[in-house]
Amino acid sequence: MREKIEQLMKKIEEFNAGTPQHLEEFRIRILGKKGELTEMFDEFKNVAAEQKREIGKLLNEVKITVQEKLKSQKELFDNVETGKNIADKTLPANADSLGSRHPISLAKNEILEIFTRLGFTVADGPEIEDDWHVFSALNFPPNHPARDMQDTFFIEQNPDILLRTHTSSIQVRTMEKQKPPIRVVCPGRVFRNEAISARAHCIFHQVEGLYIDKNVSFADMKQTLLYFAREMFGENTEIRLRPSFFPFTEPSAEMDVSCKICGGKGCNICKYTGWLEVLGCGIVDPNVLESCGIDSKEYTGFAFGMGVERLAMLKWQVKDLRLYFENDVRFLEQFQSAI
Ligand code: DAH
């Protein structure tokens, strides 16, 4: 019996509970109705009279040890729960959880990175702009519908000060400051007075591109944009340019990329056309060059503009734009980046 008691004592001293549940199981195993120590106390009545004193003392010692053990281990768990300083400083620390980059930043960084590889630099401009940089210098006629109150947020009833509706305003600022050759990409937030829905938001992000030099042609633009599309969406991506209209480019086009979800066969993402619209582009209108002090007889150039949310939606097949603004961590956590 003495040996059995000593073994139990050793077991108790060495015990370390991993979880509160583990601790409770341990308590039942030792002190429960059929517990090891309970059974030993039952056996105690059969112990020879001359040994009773010694065995009784040992059993009591085991009882005290197990009670202390239960108490100290329980305290440890309670402290962890309430966040109090845990007594056991040797326990491994909780790992810090790292945040992740916002998917719009990831998409924007990827777009900028592709163009910087082609020699473009990144330019910036203000979000609160004037009519000249957003519209007039970009060849918008005075009564063009885009200037309408419906689309544009004006500031303090002053129609000259407004929130930029596109990042094309940074083109103008760049051309006013810099002499050609110019190769810039301009990321930024833009604002439009639109109802918020799954497909539209009053705040979104664009990246604008501008290339001005001698003899820049439509073919240069096409090749640049093809390179971009393949870097962004995969090497088998095809592009298609459709004629379009923008006041600041002539000719103007909209670019589609082949739908990588169905491989061009047609699916509900590309509305069964096999193509997805990704950006607007064109040859910079000579009026724009002249407005910004660049000789349109000597220089030509191309420009393009794309919506970052739209590209991000296509890349990750997110169907509701609002997810990008709600900042629900369950959504954001799914995007990981190396940098
Ligand atoms: N600014 C246009 C928009 O917001 C996008 C765009 C189209 C930019 C064609 C350009 C361009 O530079 O050439 O819809």
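Reply: The C-alpha centres of domain 1 and domain 2 are separated by 73 Å. Domain 1 covers residues 2-82 and domain 2 covers residues 103-338, with bounds taken from an automatic or database domain assignment. The model is predicted: local features require pLDDT of at least 70 and side-chain atom pairs count only at pLDDT 80 or more, while totals for chains, interfaces and linings use all residues. Residues are numbered from 1 along each chain as its sequence is written, and side-chain values use heavy atoms, with hydrogens and water left out.

Helices (H or I, at least four residues) and strands (E, at least two) are DSSP runs numbered from the N terminus. Helix H1 (residues 2-14) and helix H3 (residues 36-43) have axes that come within 11 Å and cross at roughly 160°. Such axes are lines fitted to C-alpha atoms, for helices over the stretch in contact, and angles run from 0 to 180 degrees between N-to-C directions. H1 and H3 are therefore roughly antiparallel to each other; angles under 35 degrees count as roughly parallel, over 145 as roughly antiparallel, 65 to 115 as roughly perpendicular and the rest as oblique. The crossing of H1 and H3 is left-handed, a term used if the near helix is turned anticlockwise from the far one by less than a right angle, with right-handed used if clockwise. Lys4, Ile5, Leu8 and Lys11 of H1 make the contact with Glu36, Leu37, Met40 and Glu43 of H3, where contact means heavy atoms within 4.5 Å. By class, the residues of this contact of H1 with H3 are four nonpolar, no polar and four charged. Here Ala, Val, Leu, Ile, Met, Phe, Trp, Tyr, Cys and Pro count as nonpolar, Asp, Glu, Lys and Arg as charged, and the others, Gly among them, as polar.

A further helix pair is formed by helix H5 (residues 103-117) and helix H8 (residues 218-233), with axes that come within 10 Å and cross at roughly 135°. That angle makes H5 oblique to H8, and the crossing is right-handed. On H5 the contact involves Ala107, Glu110, Ile111, Ile114, Phe115 and Arg117, and on H8 it involves Thr224, Tyr227, Phe228, Glu231 and Met232. This contact of H5 with H8 has seven nonpolar, one polar and three charged residues.

Turning to the strands, seven of them form an open sheet in the order E1-E5-E6-E10-E9-E8-E7, with mixed pairing; two strands pair if DSSP finds at least two bridges between them. Strand E1 (121-122) and strand E7 (239-246) are the edge strands, each pairing on one side only. E7 pairs with strand E8 (residues 249-258) in the antiparallel sense over seven bridges. Within this pair, Ile239 stands opposite Val257 and Leu241 has Met255 as its bridge partner. E7 and E8 form a hairpin with two residues between them.

Strand E2 (residues 128-130) runs antiparallel to strand E4 (residues 158-163), joined by three bridges, and Asp130 has Ile161 of E4 as its bridge partner. E4 also pairs with strand E3 (residues 154-155), in the antiparallel sense over two bridges, with Ile155 opposite Asn158. E3 and E4 form a hairpin with two residues between them, and Glu156 in its turn has a positive phi of about 45°.
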